[in-house]
Amino acid sequence: MTLVGLTVLFLWLTLQVDLVIFAGVLFAISLRRAAEALSRQTRLPVGWALFAVVLLIMIFFAGIGWFFSQSIASQIDQLSEQLPAAAEKVGNIISQSDLGKALIRHLDTGNLQTSPASVLQGSSGSRPIS
């Protein structure tokens with residue numbers, strides 16, 4: 001009974017890892033099936049067909065990224081313009097309540113970073129590119 005309980009506890013605590021492993025197995029099966037289908041159609045060995053399938057998937061996602069990169073870049077620019085104003089508005093709303101005033105007294109807000117570039121530089125520890 002203890003062994004069953006420990007097994008259930010172990011599976012419960014490692015559920016996310018189990019799901020990632022399961023997703024990886026499903027992805028591998030789908031790649032293998034696609035490679036076998038391509039191998040039957042083109043008479044390529046399964047290994048080369050698998051390479052071609054993976055290459056086609058990478059090209060597909062690179063193309064999607066290239067196609068939408070301009071839109072994503074413009075949305076990031078809009079976000080970097082609107083985020084400081086929104087943060088200031090939230091700060092004003094928080095500072096109007098008693099609890100918010102107590103929080104602000106205990107927090108050091110002098111070193112908050114508002115631009116995405118400064119957040120990325122702070123998180124990676126790198127220096128700005130000149």
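## Salt bridge

Across the whole structure, which is a predicted model, the search finds one salt bridge, a term that denotes a side-chain nitrogen of Lys or Arg within 4 Å of a carboxyl oxygen of Asp or Glu. The partners are Arg 32 and Glu 36, whose closest N and O atoms are 3.1 Å apart. Because they are four residues apart in helix α2 (residues 15–42), about one helical turn separates Arg 32 from Glu 36; helices here are DSSP runs of H or I with at least four residues, numbered from the N terminus.

Arg 32 counts as partly exposed at 44% relative accessibility, and Glu 36 is likewise partly exposed at 25%, where buried means under 20% relative accessible area, exposed over 50%, and partly exposed in between, with a 1.4 Å probe and protein chains only.

The 28 residues of α2 should span 40 Å at 1.5 Å a residue, which agrees with the 40 Å between its end C-alpha atoms; the expected span is 1.5 Å times one less than the number of residues. Leu 31, Ala 35 and Ser 39 of α2 are buried, and the buried residues of this helix pack against α3, contact being heavy atoms within 4.5 Å. Just after α2, Arg 43 takes a positive phi of about 60 degrees.

## Basis of the values

Residues are numbered from 1 along each chain as its sequence is written. Local features need pLDDT of at least 70, side-chain atom pairs count only at pLDDT 80 or more, and totals for chains, interfaces and linings use all residues, while side-chain values use heavy atoms, leaving out hydrogens and water.

Methods
Helix = DSSP H or I, 4+ residues; strand = E, 2+ residues; numbered from the N terminus.
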